[in-house]
Amino acid sequence: MTKRQKVQQMRLNEIEGEFLTLLHSCLRECAQGRYGLFGQNDHLDPEGRYWAWPEAKRLKNLAQEIKSLRQEFGQTNELCERFIQFCSQRGSNVPGEPKLAAAFLAEFSES
């Protein structure tokens, strides 16, 4: 393993730890009724005036960074991929964010 790979692995471990902590707290808050975690209503509030949630934005950025770093190693982070999948769900038949968060939290707690 090269020095660059070691540094990337350390960074990956650091951000995955932050991701797990932040994911759990954001999922609990969203399951209690707060919107903005999965971005279902982003088209209604593109400037983020009403559904601004800095922690959720940080979580999405961490997920993308983890995905990118994991791809360099030829790996995936299933929890991160699942979060990104939840964030991509759109449509009139998709449950609301609190219901999605409760379902994801149940999955997260089982593993």
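Predicted model: local features only at pLDDT ≥ 70, side-chain atom pairs only at ≥ 80, totals over all residues.
Trainee: By what are two packed helices described?

Mentor: Two packed helices are described by the angle between their axes and by the distance between those axes. In this structure, helix α1 covers residues 3-31 and helix α3 covers residues 78-88. These helices pack at an angle of about 45°, and their axes are 11 Å apart.

Trainee: Which residues of α1 and α3 meet?

Mentor: From α1 come F19, L20 and L23; from α3 come L79, C80 and F83. By class, this contact of α1 with α3 has six nonpolar residues, with no polar and no charged ones.

Trainee: At what angle do α1 and helix α2 pack, and how far apart are their axes?

Mentor: Helix α2 covers residues 54-73. It packs with α1 at an angle of about 145°, with the axes 9 Å apart. The crossing of α1 and α2 is left-handed. By class, the contact of α1 with α2 has 13 nonpolar, three polar and nine charged residues.

Trainee: Let us turn to single residues. Is L59 buried or exposed?

Mentor: A residue is called buried when its relative accessible area is under 20%. L59 has a relative accessible area of 0%, and is therefore buried. This residue lies in helix α2.

Trainee: Which residues does L59 touch, not counting residues up to four places away in sequence?

Mentor: L59 touches F19, L22, L23, C26, L37 and F83. As for C26, it is 33 residues from L59 in sequence, whereas the two are 8.5 Å apart in space, C-alpha to C-alpha.

Trainee: Where is the place of Q8, and why does Q8 count as buried?

Mentor: Q8 is in helix α1. Its relative accessibility is 12%, and therefore Q8 counts as buried.

Trainee: With which residues is Q8 in contact, leaving aside its neighbours within four places in sequence?

Mentor: The contacts of Q8 are with L69, E72 and F73. With E72 there is a polar contact as well: the two side chains are joined at 2.6 Å.

Conventions
Residues numbered from 1 in each chain as written. Heavy atoms only, no water. Axes fitted to C-alpha atoms, helices over the stretch in contact; angles between N-to-C directions. Helix = DSSP H or I, 4+ residues; strand = E, 2+ residues; numbered from the N terminus. Contact = heavy atoms within 4.5 Å. Nonpolar A, V, L, I, M, F, W, Y, C, P; charged D, E, K, R; others polar. Buried < 20%, exposed > 50% of the residue type's maximum accessible area, 1.4 Å probe, protein only. Polar contact = N/O pair within 3.5 Å; in protein donor to acceptor, adjacent residues only side chain to side chain. Left-handed = near helix turned anticlockwise from the far one by under 90°.
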